Amino acid sequence: MTQTQIEKTHIEKTHIAKIVKVKTGSKFEEIGSYSRLVSVDNWIYVSNTAGRNPETKVIPEDALEQTEQVFSNIKAALEAVGSSLADVVFSRVFIQDPEDVHAVMQLIGEKFKGINPATTVTCPPLGSTVYKMELEVTAYRGAATADIQEITI
């Protein structure tokens, strides 16, 4: 191999993104052919996540209990790729019943206190009436330790 070919190969390898796909073993991931989390270099995308306990497969009836489980599920997925909730830069909150919005958002506010991601909240029908809320997040590995500037307008 010539020096030029070696340099070209090195450049090609350094520009290829590292992609990691995390599965939880959920039958829904298999049926829908999706991953719980996909990271592309430092960008991390976590699929819309429900409050189903991965071990017991149980979904609590209470919206706040589901929210706690959702955060537990997302936290575990983020930790699997060396990240944490502190790296979340965007969240999408889906709450089935508009009457649950205040309580659910208050709990989410506690979980994201000091992180302050950009957030969208909506009340669409979810895949089943057993789901009281779901959460999808985008994170950037290392965001928690970045130089952060907050601007009030």
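Which side chains meet in a salt bridge at 2.8 Å, N to O? They are the side chains of Lys111 and Glu68. The model described here is predicted. The protein in it has 153 residues, arranged with four helices and six strands.

**Overall layout**

- Read from the N terminus on, the elements follow the order α-β-α-β-β-α-β-α-β-β.
- Taken along the principal axes, the C-alpha atoms fill a box of roughly 65 × 45 × 25 Å.
- Of the residues of the protein, 31% count as buried.
- The protein exposes about 9,700 Å², and carbon and sulfur atoms supply 54% of that area.
- Among contacts between residues at least 6 apart in sequence, 69% join residues at least 24 apart.

**Helix H3**

- Helix H3 covers residues 63–80 and has 18 residues.
- From its first C-alpha to its last, H3 reaches 26 Å, which is close to the 26 Å expected at 1.5 Å a residue.
- The buried residues of H3 are Ala63, Gln66, Thr67, Gln69, Val70, Phe71, Asn73, Ile74, Ala77 and Leu78.
- Their cover includes strand E2 (37–40), strand E3, strand E4 (88–95), helix H4 and strand E6.
- An α-helix has 3.6 residues a turn, so residues three or four places apart point the same way.

**Salt bridges**

- The structure has four salt bridges, and three of them are described here, including the Lys111 and Glu68 pair.
- Side chains of opposite charge can pair when their charged atoms come close.
- Lys75 forms a salt bridge with Glu79, and the closest N and O atoms are 3.3 Å apart. Both residues lie in helix H3, four residues apart, which is about one turn of the helix.
- Lys75 is partly exposed, with a relative accessible area of 40%, and Glu79 is partly exposed at 44%.
- Glu29 forms a salt bridge with Arg36, where the closest N and O atoms are 3.4 Å apart.
- Glu29 counts as buried because its relative accessibility is 0%, under the 20% cut-off. Arg36 is buried as well, at 9%.

**Aromatic pairs**

- The structure holds two aromatic pairs.
- The rings of Trp43 and Tyr140 have centres 4.8 Å apart and planes at 70°, so this pair is edge-to-face.
- This pair links distant parts of the chain: Trp43 is in strand E3 and Tyr140 is in strand E6 (residues 133–140), 97 residues apart.
- Trp43 is partly exposed, with a relative accessible area of 39%, and Tyr140 is partly exposed at 33%.
- Phe71 and Phe112 form an edge-to-face pair, with 5.3 Å from centre to centre and 70° between the planes.
- That pair also links distant parts of the chain, because Phe71 is in helix H3 while Phe112 is in the loop between helix H4 (101–111) and strand E5 (118–122), 41 residues apart.
- Phe71 counts as buried at 3% relative accessibility, and Phe112 counts as buried at 5%.

**A nonpolar surface patch**

- Trp43, Tyr45, Val89 and Tyr140 form a nonpolar patch on the surface.
- Together these residues have about 360 Å² of accessible area.
- Trp43, one of the patch residues, is found in strand E3, which covers residues 43–49.

- Arg52 is found in the loop between strand E3 and helix H3.
- Leaving out residues up to four places away in sequence, Arg52 touches Phe28, Lys57, Val58, Ile59, Gln69, Asn73 and Tyr131.
- Among these contacts, Gln69 and Asn73 are buried residues of H3.
- The C-alpha atoms of Arg52 and Ile115 are separated by 25 Å, and the two residues are 63 residues apart along the chain.

Terms used
Residues numbered from 1 in each chain as written. Predicted model: local features only at pLDDT ≥ 70, side-chain atom pairs only at ≥ 80, totals over all residues. Heavy atoms only, no water. Patch = residues over 30% accessible without salt bridge, like charges linked within 9 Å, V, L, I, M, F, W, Y side chains within 5 Å. Areas by Shrake-Rupley, 256 points an atom, 1.4 Å probe, with all protein chains shown as cover. Helix = DSSP H or I, 4+ residues; strand = E, 2+ residues; numbered from the N terminus. Contact = heavy atoms within 4.5 Å. Phe/Tyr/Trp six-rings, centres within 6.5 Å; stacked < 30°, edge-to-face > 60°. Buried < 20%, exposed > 50% of the residue type's maximum accessible area, 1.4 Å probe, protein only. Expected span 1.5 Å × (residues − 1).
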